[in-house]
Amino acid sequence: MNIKIKKFDHLTLSELYKILNLRNEVFVVEQNCAYLDTDGKDQLAHHLMVWDDEVLAAYARIFEPGIKYTESSIGRVVVNLAHRELKLGHLLIEHAVKAVEDIYKTGNITISAQAHLQRFYNKHGFETVSEEYMEDDIPHVEMTRRKEL
């Protein structure tokens, strides 16, 4: 596996296509959720990609404080269906948290997590801080991870 982190303007067209394709395969088709994935925030994010040769195996985007939340944020966390048996979600979140700490110099992170993934995020230091709410017809909760650097 090869891990890359790039700002939007440094993505190749092929990388951008594969990112959008993976997000659509999972969030729109697999989860049967009609929503506009291109939310105008990709240009403000760093993009974390886990590659298995030429296949985008996992992806997340990270934001500096003040864009999505007061704190830094991680979002669009997704693992390619063909790679899920490798448990890449944990590797992806570990690298996303480290990237936030290294790039934005903060350990405070807020996310909007699908409610059924709370235990997964708990394993990475995130705590639920909101009641369940609906986002694109899927139950979500706000979670935070606090760490002084």
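Buried means under 20% relative accessible area, exposed means over 50%, and partly exposed is in between, using a 1.4 Å probe and protein chains only. Keep that in mind for the close-ups below. This is a predicted model, where local features need pLDDT of at least 70 and side-chain atom pairs count only at pLDDT 80 or more, while totals for chains, interfaces and linings use all residues. Residues are numbered from 1 along each chain as its sequence is written, and side-chain values use heavy atoms, with hydrogens and water left out.

**View 1**
Y121 is buried, with a relative accessible area of 6%. Its ring and that of F126 have centres 5.8 Å apart and planes at 80°, so the pair is edge-to-face. (Rings of Phe, Tyr and Trp, the last by its six-membered ring, pair if their centres lie within 6.5 Å; planes under 30 degrees apart are stacked, over 60 edge-to-face, and the rest tilted.) F126 is buried too, at 2% relative accessibility. Searching the whole structure turns up two aromatic pairs. F120 and Y121 make an edge-to-face pair, at 5.0 Å centre to centre and 80° between the planes. Put together, the ring pairs link F120, Y121 and F126 into a cluster.

**View 1. Here is the largest pocket.**
First, some ground rules. On a 1 Å grid over the protein atoms alone, a cavity is a set of points where a 1.4 Å probe fits but cannot get out, whereas a pocket is an open set with protein on both sides within 12 Å along at least five of seven lines; lining residues have an atom within 4 Å of a point. Grid points are joined across faces, edges and corners, and a volume is the space filled by probe spheres set on the points. The largest pocket holds about 960 Å³ of space. Its lining has 36 residues, and F27, V77, Q114, L117 and Y121 lie nearest the centre. Sorted by class, that lining has 17 nonpolar, nine polar and ten charged residues. (Ala, Val, Leu, Ile, Met, Phe, Trp, Tyr, Cys and Pro count as nonpolar, Asp, Glu, Lys and Arg as charged, and the others, Gly among them, as polar.)

Helices (H or I, at least four residues) and strands (E, at least two) are DSSP runs, numbered from the N terminus. Elements that each supply at least two residues of the largest pocket's lining include α1 (13–30), β3 (55–63), α2 (88–104) and α3 (118–122). The largest share, seven residues, comes from β4.

**View 2. Take a look at β5 and its neighbours.**
Five of the six residues of β5 are buried, so this strand is largely enclosed by the rest of the structure. Two strands pair if DSSP finds at least two bridges between them. β4 and β5 run parallel, joined by two bridges, and S73 sits opposite T110 in β5. With β8, β5 runs antiparallel, and six bridges join them; here A113 has V141 in β8 as its bridge partner. β4, α2 and β5 also make a right-handed β-α-β unit. (A crossover is right-handed if, with the strands pointing away from the viewer, the path from the first strand over the helix to the second runs clockwise.)

β1 (residues 2–7) pairs with β2 in the antiparallel sense over six bridges, and I3 has V50 in β2 as its bridge partner. Six of the seven residues of β2 are buried, so the rest of the structure largely encloses it. β2 (residues 46–52) then pairs with β3, antiparallel, over seven bridges. H47 is partnered by R61 in β3, and W51 stands opposite L56 in β3. β2 and β3 form a hairpin with two residues between them, and D53 in the turn has a positive phi of about 55°. β3 is mostly covered, with eight of its nine residues buried. Five bridges join β3 to β4 in an antiparallel run, with Y59 opposite V78 in β4.

**View 3. Zoom in on S130 in its loop.**
S130 is found in the loop between β6 (127–128) and β7 (133–135). S130 counts as partly exposed, at 26% relative accessibility. S130 and M143 are 13 residues apart in sequence, and their C-alpha atoms are 7.2 Å apart in space.
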